[in-house]
Amino acid sequence: MERKKTKWYQATERMLYTYKSMPIRIMSLMQHIELVRQHLEPTMISNYELQEGKSYSVSSPVEAAALNRIEGEAVQKLELKIKNLETLKTIVEVSIDTMLDAEQRKLVKMIYFQNMTWQQTCMELSVDKNTYYAKKNDIVKLMAWCFGYMPDDVAEEVWGLFADQALMQRHMVG
């Protein structure tokens, strides 16, 4: 792999590194939804006593519609973010579980989820630096294709992903 990483390589690594924080981000956004709803709830309690004369009620149909609209838009944006994060999280999980073998999954866990250095990983796996980077690059290339960052034609060029039927079958069956 060349010294300067390609955009698909960087995007793939960013996705793998941020995966472990996705559940926390989802919980945070859900909490934001609750705060939006609480913030926009009317703070006055309705009074249902019979009163003669004019009513000076704070709540009006226009005000209620405006609050519903503001809440609806804010909540919709947050819910969309949550849905997108949940989808990305699932894509990472399914890609790793489906496309990688046990050794590759272990390497992903060490590098991206435990943030181990290449030296620590090499010692743990008893491999040299070149082997480590070769295995890591193979994983990133495959994940880039799974995540949609690398088009099929580039995958064929870069890795020969579909040229080797045995490799394709191993990943589809394995």
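K135 is partly exposed, with a relative accessible area of 28%, where buried means under 20% relative accessible area, exposed over 50% and partly exposed in between (1.4 Å probe, protein chains only). The coordinates belong to a predicted model, in which local features need pLDDT of at least 70 and side-chain atom pairs count only at pLDDT 80 or more, while totals for chains, interfaces and linings use all residues. Residues are numbered from 1 along each chain as its sequence is written, and side-chain values use heavy atoms, with hydrogens and water left out.

K135 takes part in a salt bridge with E103, the closest N and O atoms being 2.1 Å apart; a salt bridge is here a side-chain nitrogen of Lys or Arg within 4 Å of a carboxyl oxygen of Asp or Glu. The pair links distant parts of the chain, with E103 in helix α4 and K135 in helix α6, 32 residues apart. Helices (H or I, at least four residues) are DSSP runs, numbered from the N terminus. E103 is partly exposed at a relative accessible area of 47%.

The structure holds three salt bridges. One of them joins K136 to E13, and the closest N and O atoms of this pair are 3.0 Å apart. K136 lies in helix α6 (residues 129–147) and E13 in helix α1, so the pair ties together parts that are 123 residues apart in sequence. K136 counts as buried at 10% relative accessibility, and E13 counts as buried at 13%. When neighbours within four places in sequence are left aside, E13 is in contact with Y112, K136 and V140, contact meaning heavy atoms within 4.5 Å.

A salt bridge is also formed between E93 and K89, whose closest N and O atoms are 2.7 Å apart. These residues are four residues apart in helix α3 (residues 61–99) and are therefore separated by about one helical turn. E93 is partly exposed, with a relative accessible area of 27%, and K89 is partly exposed, with a value of 21%.

A search of the whole structure finds six aromatic pairs. Rings of Phe, Tyr and Trp (its six-membered ring) pair if their centres lie within 6.5 Å; planes under 30 degrees apart count as stacked, over 60 as edge-to-face and the rest as tilted. The ring centres of Y17 and Y112 are 4.7 Å apart and the ring planes stand at 65°, so this pair is edge-to-face. Y17 lies in helix α1 (residues 7–18) and Y112 in helix α4 (residues 102–113), so the pair ties together parts that are 95 residues apart in sequence. Y112 is buried, with a relative accessible area of 1%, whereas Y17 counts as partly exposed at 35% relative accessibility.

The pair of Y132 and Y133 is also edge-to-face, because the ring centres are 4.8 Å apart and the planes are at 80°. Y132 is buried, with a relative accessible area of 4%, while Y133 counts as partly exposed at 28% relative accessibility. Ring pairs link W118, Y132 and Y133 into a cluster.

The largest nonpolar core has 31 residues, a nonpolar core being a set of buried Ala, Val, Leu, Ile, Met, Phe, Trp, Tyr and Cys residues joined through side-chain atoms within 4.5 Å. The residues with the most contacts inside this core are L16, V92, I96, L100, V108 and M143. The elements that give two or more residues to this core are α1, α2 (22–40), α3, α4 and α6. Apart from neighbours within four places in sequence, I96 is in contact with L16, R105, V108, F113 and M143.

The count of disulfides comes to zero, a disulfide being a pair of cysteine sulfur atoms within 2.5 Å. C122 counts as buried at 8% relative accessibility, and C146 counts as partly exposed at 22%.
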